[in-house]
Amino acid sequence: MSTISRRRAALVGVVAAVVALGSAEPVAVLTGPRSAPLIAVGGLVVDLVPEPLKQFAIDVFGTYDKMALLVGTALLLAGFAALLGLAAARRPAVGLAGIAAFAALGVAAALTRAGADAFDALPSLVGAGLGVLTLWSFVAGPLRPDAARPGLNRPDLADGAGSDRAGTLRTPPTPSPAVAALAGEEEVPGGWEPVQRDDPESRRRFLRGVGLLTGAAAVAGLGGHWLAGRRGVSAAREAVTLPAPAAPVPPVPAGADLSLPRLAPYVTPNREFYRIDTALVVPQVDPVTWRLRIHGRVRNPIELSFDELLARPMVERYVTLACVSNEVGGDLIGNARWLGVPIKALLDEAGPEEGADQVVGRAVDGWTCGAPTAVLRDGRDALLAVGMNGEPLPVEHGFPVRMVVPGLYGYVSACKWLTELELTSFADFDAYWVPRGWSAQGPVKTQSRIDTPRARSRPAAGPVTVAGVAWAQHRGIRRVEVRVDDGPWREATPAEAVSSDTWVQWSWRWEATPGEHTLQVRATDATGETQPEQRSPLAPDGATGWHTVRVTVA
Ligand SMILES: Nc1nc2c(c(=O)[nH]1)N[C@H]1C(S)=C(S)[C@@H](COP(=O)(O)O)O[C@H]1N2
Ligand SMILES: [Mo]
């Protein structure tokens, strides 16, 4: 095959893929964004990729790991599509088989997602159909190279015997060999595209076809994506009026927030609150149809509507949420004022059976977490939260209802878009992250962080305020110590603590001398345990070690 026709064959493959993915999007407006093939397959990848690779993605791309996954999937797909185009040039049946295989993958991915129904297969099927049509129109349809010259009356190929000019392929016999091959009659050794770079008419037609189809697919894809987004629940969220708490939390005392530049504020604004979940598209849960089922090993299963939940006595609490994937010194932690219904009261009503030692929270997208029943009933403020910092939960933080449990990492307790609490046992059920190498038990480890000065910064010699946060949720922080260059530990001054369930800020005045220095921090919780120096990895149950910051004092 000549370079040009190879290039064109590859391009045709990519165009067919773009048409397939683009045309699936408007269909997914009807069936839900998670049924769109790119999202469905991406979701499957999220669930199936080995843990080290996922960790690598989070390390490298941080909060953009999902975007990276989608872009990566799209690039991989484009590569496959180009190969498919090349293969289809030789044997159109291979093109058909390839698209069928992709369609099968899309359908399988869409149908195996939690809550899927048969209609979720539609976007992939429609996309595949239009992808095949695209391939066909280039191979044998209106966009085929010889389309304008039925009977192959091109002057340069008039004898029908081919040409020896560069870029020219064997002349296809009549009828088009591609059609013959599509019909399974014969293989086409030379390819279907007898095109030369010096046939401007054919080239124009080809490029016009490519341009038109790509443009139409892009419009359909982006338009569909936009429309699907507008079918979200932001209007429903705005319509929610949160009830006043029966037990309001007092305002944050001035002494709890040192308000230093670069120091994390005591309350993390919703916009800045870290977001971690496996959802490629944020689940859109309509509070009107939302139900919570409390079931499994209980004496009285309960089902609640959103209004029924809101009618129950609400409490308001500051709770610091932390991710088990937070590196020492990392920022996958935030503190918010949550409004919600105590989980304990609901569990008491449901009446867990003997031995039901695990409460599994299940989200609408099928994600699960498992928390000890005893922890949820020990009197701490474990909440079904509906409000975050005075607003209904932001959609990406779990609207309309999520769990918040002081003292447990998010992966075992903080289920967003919650729809079920199932009483079971740890022996009988592994929640989402457990078979992926994370501990079934996830109490938050005592940790501390230096926020200022920043690593590699250059503070001026003289008094420097060293400050940060420390946390040991539900135990509380007793002491924070700082040391410089392996010198003696010095007690830092903690800010006023709001409760044992939230982080505390701390500060320490350092007489900085010129040169390179290392600052370290360690916290001791209210039980007297000091966080260990020993560095341990994130998996299986959270990192340990002292946050260490190197600075150059000028
Ligand atoms: N439905 C659902 N809920 C979830 C998760 C998820 O992947 N899906 N991730 C959990 C994890 S690992 C953490 S750390 C917290 C993070 O909550 P945030 O995104 O509101 O900060 O949500 C938890 N709840
Ligand atoms: Mo997490």
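Ligand 1 sits in the second largest pocket of this predicted model, where sitting in a pocket means that more than half of the molecule's atoms lie within 2 Å of its grid points. A pocket is found on a 1 Å grid over the protein atoms alone, as an open set of points where a 1.4 Å probe fits, with protein on both sides within 12 Å along at least five of seven lines, and its lining residues have an atom within 4 Å of a point.

Of the 19 residues around ligand 1, those that come nearest are Y274, T278, H397, R402 and K416, a residue being near if one of its heavy atoms lies within 4 Å. This shell divides into 11 nonpolar, three polar and five charged residues. An N or O atom in the side chain of K416 is 2.5 Å from an oxygen atom of ligand 1, while a backbone N or O atom of T278 lies 2.9 Å from an oxygen atom of the ligand. Taken alone, ligand 1 exposes 530 Å², and the protein buries 99% of that, as computed by the Shrake-Rupley method with a 1.4 Å probe.

The largest pocket has a volume of about 1400 Å³, that is, the space filled by probe spheres set on the grid points. Its lining has 49 residues, of which G32, P33, R34, I39 and V281 lie nearest the centre. The largest share of this lining, 10 residues, comes from α1, a helix being a DSSP run (H or I) of at least four residues.

Residues are numbered from 1 along each chain as its sequence is written. Local features need pLDDT of at least 70, and side-chain atom pairs count only at pLDDT 80 or more.

Terms used
Chains are lettered from A and ligands numbered from 1 in the order in which they are written. Side-chain values use heavy atoms; hydrogens and water are left out. A polar contact is a pair of N or O atoms within 3.5 Å; within protein, one must be able to donate a hydrogen and the other to accept it, and residues adjacent in sequence count only if both atoms are side-chain atoms. Ala, Val, Leu, Ile, Met, Phe, Trp, Tyr, Cys and Pro count as nonpolar, Asp, Glu, Lys and Arg as charged, and the others, Gly among them, as polar. Helices (H or I, at least four residues) and strands (E, at least two) are DSSP runs, numbered from the N terminus.
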